Amino acid sequence: MPTDRPKGSLDAEMFQKLVVRKWKVSLTLAAIMLVAYYGFILVLAFAKDVLAYKIGEHLTIGIPVGMLLIVLAWALTGVYVFWANSSYDKSVKDVLKSMRRD
Amino acid sequence: MDQIATSIGQPNITSIVFFLFFICATLVITYYAAKKSRSASQFYAAGRSVTGWQNGLALAGDYMSAASFLGIAGLVSLRGYDGLIYSIGFLVGWPIIMFLIAEPLRNLGKYTFVDVVAYRLSQKPIRIAASIGSLMTVCFYLIAQMVGSGSLIMLIFGMPYELAVVIVGMVMIMYVLFGGMLATTWVQIIKAVLLLGGATLMVFLILLHFGFSYGEMFKQAALTYGDGVLSPGGLVTNPWDALSLGIALMFGTAGLPHILMRFYTVPDAKEARKSVFYATGLIGYFYILTFTIGFGAMVIVGQDVIAAMDSGGNMAALLLAEATGGTVFLGFIAAVAFATILAVVAGLTLSGASTLSHDLYVSVFRSGKSSEEEEVKVARIATLGLGVVAIALGLAFKGQNVAFMVGLAFAIAASANFPALLLSILWRNFSTFGAALSIGTGTTLAVGLIIISPTVWVDILHNPMAIFPLRNPAIISMTAAFAAGYLGSKLRPDPEASRRYEEQKIRNYLGVGAE
């Protein structure tokens with residue numbers, strides 16, 4: 001295993017902040033996905049009739065809800081990519097810069 | 001069985017032409033890739049030269065199997081709304097991959113997810129344990145795909161089962177053996193484009209039939225088959241079963257070795273993220289198409305005709321293709337289904353071969369001391385071996401109901417691979433013993449519980465009552481794997497591994513030192 005420790009010491013506080021911020025975003029988004037999906041599964045398992053509720057003459061609420069879950073999964077990954085590729089990567093650069101300065 | 005006017009089951013000139021064209025095009029790519037794939041990084045990871053968009057397509061290609069295209073369309077056509085439940089389950093693992101493991105995987109690993117699990121732990125025991133989890137997942141998935149493909153090709157083309165299995169096996173061996181990851185990636189990309197294009201065209205033809213109104217389609221479905229097709233029916237009866245299946249599908253996706261391996265083909269974490277975003281979008285779009293195709297087939301073809309062809313509904317999409325676009329379109333979709341099978345099997349074989357050569361041969365038997373030429377040579381031998389094994393298993397399991405094997409592959413991936421991977425990324429005090437115990441517990445429980453579950457105990461072994469009540473064991477086996485990882489790490493801590501956690505963290509979050 002190669003030693004990948006970068007030269008110079010790490011600004012521990014700055015790095016720690018970055019890690020915390022990354023998990024705040026990751027876990028919030030993951031929680032939204034988990035609540036939405038397992039909420040759906042639980043409704044399906046325990047209160048099936050809710051999804052059979054009619055919102056049109058020939059449309060149950062279950063169909064748009066299902067479609068929305070698919071779109072939500074995609075949208076959440078989009079939010080994450082947008083955040084990570086702009087904000088997170090910039091902070092990573094800052095931390096790396098601070099390491100080189102030492 | 002009523003006589004149905006269809007040319008499914010007869011060799012169809014259009015499909016043969018399309019299929020030969022696909023084989024030729026992909027073999028030409030393999031020929032060019034062969035010149036490049038001499039180094040280990042080229043063979044396993046396409047030289048890390050794949051862009052986010054290409055990898056997104058390839059990931060989607062790896063994930064969209066013929067089984068999920070034909071199977072879910074069939075399920076929707078016969079059961080209506082219930083089919084959508086599977087589509088959603090198959091998609092929701094992707095955000096989890098993105099938020100929890102995509103970046104660490106790319107930043108910490110080299111060629112396989114086992115690299116990440118083993119990063120700071122004792123190499124030999126952990127590589128052996130993690131390789132077992134990885135190989136079991138690949139093998140069960142492979143058997144399901146091979147048997148499924150043989151039966152499908154037999155139904156679609158009227159070709160003998162054995163011949164179909166041998167063709168799939170041989171062509172797949174050629175892609176992986178000569179072209180490595182580069183050729184496999186391009187096979188996936190071409191297949192993904194063909195599959196998405198074909199499905200889009202089919203949905204266009206369906207909507208043409210209904211005057212571009214989903215409402216009209218649902219209305220006709222409800223008028224013919226009752227309002228029940230628009231709401232959840234009998235597929236999910238036991239609440240715990242539903243939850244357990246949900247867990248297996250969601251976290252299993254995040255533990256599939258051939259999917260995780262794709263993250264090493266892109267140059268950095270940024271491209272890895274982009275590829276998950278594209279893949280999720282493409283797969284979500286694909287499942288919405290499949291849902292539409294299912295309802296289209298229900299109304300345009302009719303449930304009686306679909307069920308008469310194949311009781312599982314697997315021919316729904318093909319019958320619909322013939323009904324909306326004639327024999328030419330049927331030929332095209334049949335060829336796409338064949339190509340899809342080839343591509344998924346190739347991806348699985350490559351990931352199995354990587355684990356055999358990179359994780360077991362080089363890291364365990366040679367203690368990391370092996371030249372790159374030797375490693376690639378072993379990977380090629382492993383590919384050949386796995387290819388032959390896949391053909392043999394395909395022939396051995398002929399006629400068996402192997403649908404449970406997909407469920408088993410996802411259950412093992414969720415129980416053996418995912419907990420160990422996540423804990424080694426997140427938990428400082430995760431120890432070698434804890435990891436081995438977690439993988440061992442997850443694998444044993446997933447396999448053991450599925451054997452005594454209704455899926456095998458009643459449906460296949462014909463016992464009157466199942467010992468374990470759930471059809472999918474993930475809720476128990478994944479929970480137990482996490483618990484075993486925790487207990488094992490508490491019982492036999494690994495101070496060296498905890499000490500190296502800081503170093504791992506820097507590389508994980510900053511990408512320093514990632515290849």
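A: A salt bridge is a side-chain nitrogen of Lys or Arg within 4 Å of a carboxyl oxygen of Asp or Glu. In this predicted model, local features need pLDDT of at least 70 and side-chain atom pairs pLDDT 80 or more, whereas totals for chains, interfaces and linings use all residues. Residues are numbered from 1 along each chain as its sequence is written, chains are lettered from A in the order in which they are written, and side-chain values use heavy atoms, without hydrogens and water. The rule finds 4 salt bridges across the interface of chain A and chain B. In one of them, A:Asp89 meets B:Lys270 at 3.3 Å, N to O.

Q: How many residues does each chain bring to the contact?

A: Contact means heavy atoms within 4.5 Å. Chain A gives 54 residues and chain B gives 52.

Q: How is an aromatic pair read, and how many are there over all chains?

A: Rings of Phe, Tyr and Trp (its six-membered ring) pair if their centres lie within 6.5 Å; planes under 30 degrees apart count as stacked, over 60 as edge-to-face and the rest as tilted. The count is 31 aromatic pairs over all chains. Among them, B:Phe418 and B:Phe482 are edge-to-face, with 6.4 Å centre to centre and 85° between the planes.

Q: Is B:Phe418 buried or exposed?

A: Buried means under 20% relative accessible area, exposed over 50%, and partly exposed in between (1.4 Å probe, protein chains only). B:Phe418 is buried, at 2%, whereas B:Phe482 is partly exposed, at 25%.
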